[in-house]
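I am opening a notebook page on this model, and I want to look up its charged pairs, its pocket and its surface in turn.

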Amino acid sequence: MIINPISAIGAARNIGTGLIEGLADGGKAQALTPGNQTGLTFGEVMGDMAAKAVSDLKGAEAASFAGIKGTMSTREVVDAVLQGEQSLQTAISLRDKLVSAFLDITKMQI
């Protein structure tokens, strides 16, 4: 059986912005064997995505304070806040999907 390993997705860059670049195997399916595990693990990708979301939210907060002080333009503040909001919405959606998948698995009869 040919499957595409999760670790191939882990090699993607800029996953928080929705851009998936540089899959480890060029997007081709490959057999899941211990020898061809390259890139990051699924957990590492999720950790990186969470860290980027937190970073975006902190940046939005800093931009709003800079806007209040008058050291940053209104446009830059709005862009930073919208980026933070988008990251937060993505994280919430991902969390909801993971919880839903977990609940579906726990309802399965063995």
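The entries below record what I looked up, topic by topic.

Entry 1, ground rules. I note that this is a predicted model, in which local features need pLDDT of at least 70 and side-chain atom pairs count only at pLDDT 80 or more, while totals for chains, interfaces and linings use all residues. Residues are numbered from 1 along each chain as its sequence is written, and side-chain values use heavy atoms, with hydrogens and water left out.

I took K52 and D56 to start with, whose closest N and O atoms are 3.1 Å apart. The two are four residues apart in helix α2, and therefore about one helical turn separates them; helices here are DSSP runs (H or I, at least four residues), numbered from the N terminus. For burial I used relative accessible area with a 1.4 Å probe and protein chains only, calling a residue buried under 20%, exposed over 50% and partly exposed in between. On that scale K52 is partly exposed at 26%, whereas D56 is buried at 13%.

I then turned to R75 and D79, whose side chains meet in a salt bridge at 3.7 Å, N to O. Both lie in helix α3, four residues apart, which is about one turn of the helix. R75 is exposed at 59%, while D79 is partly exposed at 37%.

The pair R95 and D96 has an N to O distance of 2.7 Å. Here R95 is partly exposed at 48%, and D96 is partly exposed too, at 40%.

Which residues lie nearest the centre of the largest pocket? I find M49, A50, A53, S87 and A91 there, out of 14 lining residues. A pocket is an open set of points on a 1 Å grid over the protein atoms alone, where a 1.4 Å probe fits, with protein on both sides within 12 Å along at least five of seven lines, and lining residues have an atom within 4 Å of a point. Helices α2 (42-69) and α3 each give two or more residues to this lining, and α3 gives the most, with seven. The pocket holds about 180 Å³ of space.

I looked up F102, which is found in helix α3 (residues 74-107) and is exposed at 54% relative accessible area.

Notes
Grid points are joined across faces, edges and corners, and a volume is the space filled by probe spheres set on the points. A salt bridge is a side-chain nitrogen of Lys or Arg within 4 Å of a carboxyl oxygen of Asp or Glu.
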